[in-house]
Amino acid sequence: MRRRSLLASGLVIGAPALPRSAAAQSGGVLRATLNANLNNLDPARAGIAEDYVYSNLVFNGLTRIDEERKLHPDLAESWESSPDLKSWTFRLRRGVKFHHGREMTSADVLATYKRILDPSTGSPGRSQILMVANVEAPDSHTVRFDLSIPYGDFPSLLMERQLKIIPADRLDKLSTEPSGTGPFRFVSFQPGDRLILERNPEYFEAGMPKLAGVTFRIIPEDAAKVAALKAGDIDMIWNVPLEAVEGLEREQGIKVDEATTGTWDGLVLSNVQKPFDDARVRRAVLLALDKAALVRFAVFGRGAPTHTPIPPGSPFFNGDIGFRPNIAEAKRLLAEAGYPNGFSVPLIVPVGRPTRERMGLAVQQMLRPLGIQVELRRLPYNRFNAEVTGKAVFYADGYFARPTADTATYPWFHSTGTWNGTMWHYKNEEVDRLLDAARAARTPEEQATLYKRFQQVVTEDPPGIIAYMLNFATAYRTRLKGYRTHPYAWLDLRNATIEG
């Protein structure tokens, strides 16, 4: 999530801007905002939300997920598994063309996945598919994945953000002349200014997309985005600041569309550094926090408290645990751990992530009754990876929604999990057993039993604090039709049109 920008220069990458004649095609040209520059035009190396917006419009995965979180075929038209769930065969659509004109085949899928699995590529998507032991292509439109473990949700993994299919013959051009199979073709990107995409006239879904193109303006300042939308200078704000939602809802000619998500903010407590190397101290912090109040203060009520990255709307969520603070029990645990009068600790919060900054302020107040004196230290978010992640004792962070309960939990809570090894270094043998069993579970009912027990265990022995889930909102002029906000914070514009 924190990849240093590779596109920070003023260089314009790509072809000239979209010609005026393109706007005359059906659907018009959508003018939208992005909060920051793209870090990568290579989807395998995508690491921030802006990268995901771009790659979802220009590329496709084997599967995709809709606004209702339902899985659909994308470049794969069907799939099946072996009885032991360790081999999955996908049959590809025929006649799908990359933007440079060549038909997509299984060779491109093999090249994509082998590249992502190669550690030297540096793809964040690698951690999601480490169970893939081998990828083969029995024929030009069939791909088989052999797994090291049974995995019932494997097709759901393949909609992940970095797992977009790329052309095997243009790997060296991905960062300058990207070619995908998506509904829009890359035209140009000028860091600090704009990203321009145009309609793919050979897109494989008939009649889509309807827009002639999309122009994204890079506008970091929230007030400037809101003013531009009100003035009609743009058609859409992607990722509306939550504090601006209520005001925009009162504006005529503007619609705010909000979606619940599995994206979360939380507190990272180092399990290998004092005072949080003691599970009693970590649980005391958890018991002191009023998560419902955190939702009101940090995200203006536009979210929901949670125990883990499993969101409250999930059938796997454990609704029996509750969120009521218990200051008396928290004080008892601190005294038992040797901190009867509390302690002092710095909490590092990222400048430029306002929900986490507000969360930090609230946490500072909520821990005072325990005698815990929190010193807030603010650090620019672009320095977090180098200076904070996996190093600091106590810091605020957050992560985007994942497609399955496994990918939302295993990397953070299993002792071998990639993010666990980066963040809090947590180890609980029962948690490991539960998460391993959930991966191999054959029915949703079996998964629900395992994941509900998992949540109980990690509230009794927490590695850190998952505070709440955030809603995600877009705001747009009402002349935009055929669009819905996606809970994964990207844009599905296949059916969108601009009137007038």
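Reader: Which residues lie nearest the centre of the largest cavity?
Author: In this predicted model, the largest cavity has a lining of 20 residues. Its volume is about 210 Å³. Nearest its centre lie Asn56, Arg64, Asp74, Asp492 and Arg494.

Reader: Which element gives the most residues to the lining of the largest cavity?
Author: Helix H1 (49–58) and strand S3 (63–65) each supply at least two residues of that lining. The largest contribution is 3 residues, and it comes from S3.

Reader: How many residues of the lining of the largest cavity are charged?
Author: The lining divides by class into 9 nonpolar and 5 polar residues, with the charged ones making up the rest of the 20. Asp and Arg count as charged, so Arg64, Asp74, Asp492 and Arg494, which lie nearest the centre, belong to that class. The charged residues number 6.

Reader: Which elements each supply at least two residues of the lining of the second largest cavity?
Author: The lining includes Val458 and Thr459, and also Ile465 and Ile466. Among the other lining residues are Leu286, Lys291, His307 and Phe413. By class the lining has 7 nonpolar, 3 polar and 1 charged residues. The elements that each supply at least two are H14 and strand S19 (465–470).

Reader: Is H13 roughly parallel or roughly antiparallel to H14?
Author: The axes of helix H13 (residues 429–440) and H14 come within 9 Å and cross at roughly 160 degrees. Angles over 145 degrees count as roughly antiparallel. The crossing angle therefore makes H13, relative to H14, roughly antiparallel.

Reader: Is the crossing of H13 and H14 left-handed or right-handed, and how many nonpolar residues are in the contact?
Author: H13 passes H14 in a left-handed crossing. From H13 the contact takes Glu430, Val431, Leu434, Leu435, Ala437 and Ala438, and from H14 it takes Gln447, Leu450, Tyr451, Arg453, Phe454, Val457 and Val458. Of these residues, 1 is polar and 2 are charged, while the nonpolar ones number 10.

Reader: Why is H7 oblique to H9?
Author: Helix H7 (residues 291–298) and helix H9 (residues 354–366) have axes that come within 9 Å. Angles over 145 degrees count as roughly antiparallel and those from 65 to 115 as roughly perpendicular, with oblique covering the rest. H7 is oblique to H9 because their axes cross at roughly 135 degrees.

Reader: Which residues of H7 make the contact with H9?
Author: H7 passes H9 in a right-handed crossing. H9 brings Thr355, Arg358, Met359, Leu361, Ala362, Val363 and Met366 to the contact. By class, the contact has 9 nonpolar, 1 polar and 1 charged residues. The residues on the H7 side are Ala293, Leu294, Phe297 and Ala298.

Reader: Which element provides the largest share of the lining of the second largest pocket?
Author: About 880 Å³ of space lies in this pocket, and 36 residues line it. Strand S15 (303–305), helix H11 (405–413) and helix H14 (444–460) are the elements that give two or more residues to the lining. The largest share is 3 residues, from H11.

Conventions:
Residues numbered from 1 in each chain as written. Predicted model: local features only at pLDDT ≥ 70, side-chain atom pairs only at ≥ 80, totals over all residues. Heavy atoms only, no water. 1 Å grid on protein atoms, 1.4 Å probe; cavity = no way out; pocket = protein on both sides within 12 Å on 5 of 7 lines; lining within 4 Å. Points joined across faces, edges and corners; volume = space filled by probe spheres on them. Helix = DSSP H or I, 4+ residues; strand = E, 2+ residues; numbered from the N terminus. Axes fitted to C-alpha atoms, helices over the stretch in contact; angles between N-to-C directions. Parallel < 35°, antiparallel > 145°, perpendicular 65-115°, else oblique. Left-handed = near helix turned anticlockwise from the far one by under 90°. Contact = heavy atoms within 4.5 Å.
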